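Subject: Model for you to look at

Hi,

Here is the model I promised. Please open it alongside these notes.

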Amino acid sequence: MKHWNYNEEFEEKYKYMGDDLGAVYTPEKTAFRVWAPTADTVTLKLYEDGERRKPLDHVQMKKSERGTWVAELSGDRNGLYYNYEVTVDSVTREAVDPYARAVGVNGECGMVIDLAATDPEGFAGEERPQMILLTDAVIYESHVRDLTVDEGAGNPYPGKFLGVGVTGTKNRDGASTGLDYMKELGVTHLQLLPVYDYATVNEADTENAMYNWGYDPKNYNVPEGSYSTDPFHGEVRVREFKQMVQAIHKEGLLVIMDVVYNHTYDAEDFCFQKIVPDYFFRKTEDGRFSDGSACGNETASDHVMVRKYIIDSVCYWAKEYHIDGFRFDLMGVLDKETMRELRKAVDQINPDIALYGEGWTGGPCAIDAGERCMKADTWQLDGIGAFNDDIRDSIKGSVFYAAEPGFVNGGSGFEEAIRFSVTGAVGHPAVHFDNEAGVWAEKPEQSINYVSCHDNYTLWDKLKESCPDASVEVRKAMNNLAAAIVYTAQGVPFMQAGEELLRSKPTDTTADGIAENSYNLPDETNRIRWNTRSEHADVFAYYQGLIAFRKAHAGLRMRTAEEIAERIIFKDTDWKNVVAYEITGSKEQKERLFVVYNANEQAVRVELPGDGTWELYIDKNHAGNVPLGSVSENVQVEGISAAVFVQKI
């Protein structure tokens with residue numbers, strides 16, 4: 001096949017900025033437009049079903065402006081399945097429409113869809129929860145199946161979109177699960193692992209449960225069929241996804257999608273590759289697919305029409321499905337200009353839509369280092385956040401070395417790293433943390449603070465791996481201290497679902513019986529065990545109290561780097577493995593806070609700042625908005641614990 005030179009001249013000649021790519025439906029006609037500037041011919045192939053068993057007809061498409069091809073079918077074509085057959089340099093391949101809004105089973109065929117007809121009653125004008133500043137958010141990350149398949153979930157739709165949105169579910173002890181549980185815990189946002197159409201679960205096999213996280217994109221603008229009650233009819237997954245979002249919104253939570261625009265599952269089989277060969281992906285000098293994702297390929301987000309595709313896709317999910325935020329997998333593979341343009345585009349929809357991602361790549365990337373959306377350059381990306389791996393690894397130890405401890409689990413020398421972490425990565429005159437990225441955030445809302453997510457060991461499993469001889473009670477104390485640091489740090493708290501239930505991922509395929517990477521392991525490994533609520537009620541209550549306390553005290557949710565530098569005063573102590581700081585009051589906030597983290601096994605005595613009496617709200621085992629007692633002058637802080645005090649001024 002001829003090698004096309006996708007240079008600036010090509011981009012300028014063929015860039016198409018219209019909003020009518022894909023199948024545009026009306027009851028009177030459906031108009032098709034596909035961008036295929038290198039094609040010799042394009043044929044619209046029609047099918048009766050999404051499995052392409054019953055071909056109906058084919059229509060030769062006509063060349064139109066800027067490399068696009070068009071066709072039009074009269075009449076009401078809702079539910080008609082179609083693909084494009086594209087010939088480039090005498091090679092003919094059939095492809096799904098990259099802009100398809102619905103597909104058949106396993107995403108092998110696009111479908112014309114009347115999107116308005118898929119809206120649940122009241123969805124178009126739904127009263128959505130008020131969008132909040134990210135520093136006021138508490139983000140809870142989960143997978144559709146993890147939330148719903150456990151027997152203890154009591155869910156009538158296990159493994160389905162509808163199951164995520166159902167209310168009134170309870171475990172065997174009558175305690176809430178699922179959506180009601182999240183409300184009870186106090187989180188504000190549910191971040192769902194990939195829910196677009198992905199490749200590695202066979203949707204046609206509805207009898208056997210299959211599992212994958214979904215970081216293997218197939219059709220970016222379509223919900224995943226295995227999460228619907230009927231993957232064979234394209235409109236069902238669309239309607240049920242909207243029902244899920246509507247139900248979550250009704251309960252006052254916001255919805256964030258985990259999106260994976262940095263790579264696709266199979267580059268050669270991807271629809272865009274079949275239509276415009278080698279345009280969608282970056283290549284190395286020797287002609288191979290570059291692999292900055294460590295998944296076999298990387299998308300060429302810096303190409304004009306790939307950039308447009310990513311922006312169009314995100315905006316489509318925001319408008320059509322009312323999505324409130326987007327988390328970008330391996331955001332470092334994407335270029336800065338794409339993310340800046342995306343921020344501008346979503347601002348036109350709602351400036352409060354959250355955008356953040358992983359500020360790193362998975363491997364060597366075929367784009368200049370200065371163009372990548374890396375964590376170190378987050379300060380250059382207004383309105384876009386990055387995951388704070390500094391706080392993650394300083395709290396519990398490196399995710400790459402299971403036995404390596406951090407601050408809470410027996411490590412030493414982490415005091416400065418913890419100080420840096422609690423200032424939201426914006427820098428502070430009293431903090432001199434020697435990390436690779438330096439001060440990387442301009443605003444605290446750009447620092448996504450976490451100690452566990454779907455990747456790597458759960459927090460509880462990491463504590464077991466790094467402290468195999470510690471008792472359960474000691475590891476609980478470590479877990480609570482880790483959570484206390486995240487929820488009292490400046491920035492945006494984020495947690496893996498079930499962390500507050502000491503979630504573990506057991507498996508019989510590893511020597512230690514714990515899964516570090518569970519992306520394709522069965523439900524038995526990945527499910528949240530809802531019946532452990534009673535067993536871990538004390539830890540749940542601690543997290544619930546931390547969240548409530550954070551919401552009640554604006555000093556933990558400062559908005560600017562200047563305010564953080566002015567109001568946080570670090571205190572010297574005579575102890576190693578101790579961090580203590582004061583958050584001074586302001587004109588609006590007539591209180592000051594004093595926070596102590598003690599990672600030593602023994603108790604330490606710390607002098608309280610200033611005069612007067614302080615109220616204790618958080619200690620080793622308790623957190624919330626009810627004072628636990630009054631202290632003055634100095635206080636003893638228990639081993640492996642946090643203590644937080646408030647003084648009215």
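This is a predicted model: local features need pLDDT of at least 70, side-chain atom pairs count only at pLDDT 80 or more; totals for chains, interfaces and linings use all residues.

Residues are numbered from 1 along each chain as its sequence is written, and side-chain values use heavy atoms, without hydrogens and water.

Barrel first. 8 strands close it in the order β10-β11-β14-β15-β16-β17-β18-β19, with parallel pairing (strands are DSSP E runs of at least two residues, helices H or I runs of at least four, numbered from the N terminus; pairing needs at least two DSSP bridges). The twist averages 30° from one strand to the next. β15 (325-328) and β16 (354-357) pair over 4 bridges. G325 stands opposite A354.

Now the helices. The axes of α9 (389-396) and α10 (415-422) come within 9 Å and cross at roughly 140° (axes are fitted to C-alpha atoms, for helices over the stretch in contact; angles run from 0 to 180 degrees between N-to-C directions). D390, I391, S394 and I395 of α9 meet A417, I418, F420 and S421 of α10 (contact: heavy atoms within 4.5 Å).

Last, the cavities (sets of points on a 1 Å grid over the protein atoms alone where a 1.4 Å probe fits but cannot get out; lining residues have an atom within 4 Å of a point). Among the residues lining the largest are R33, W35, D97 and Y309. β2 (29-35), α6 (271-275) and α7 (304-320) each supply at least two lining residues there.

Best wishes

Conventions:
On a 1 Å grid over the protein atoms alone, a cavity is a set of points where a 1.4 Å probe fits but cannot get out, and a pocket is an open set with protein on both sides within 12 Å along at least five of seven lines; lining residues have an atom within 4 Å of a point.
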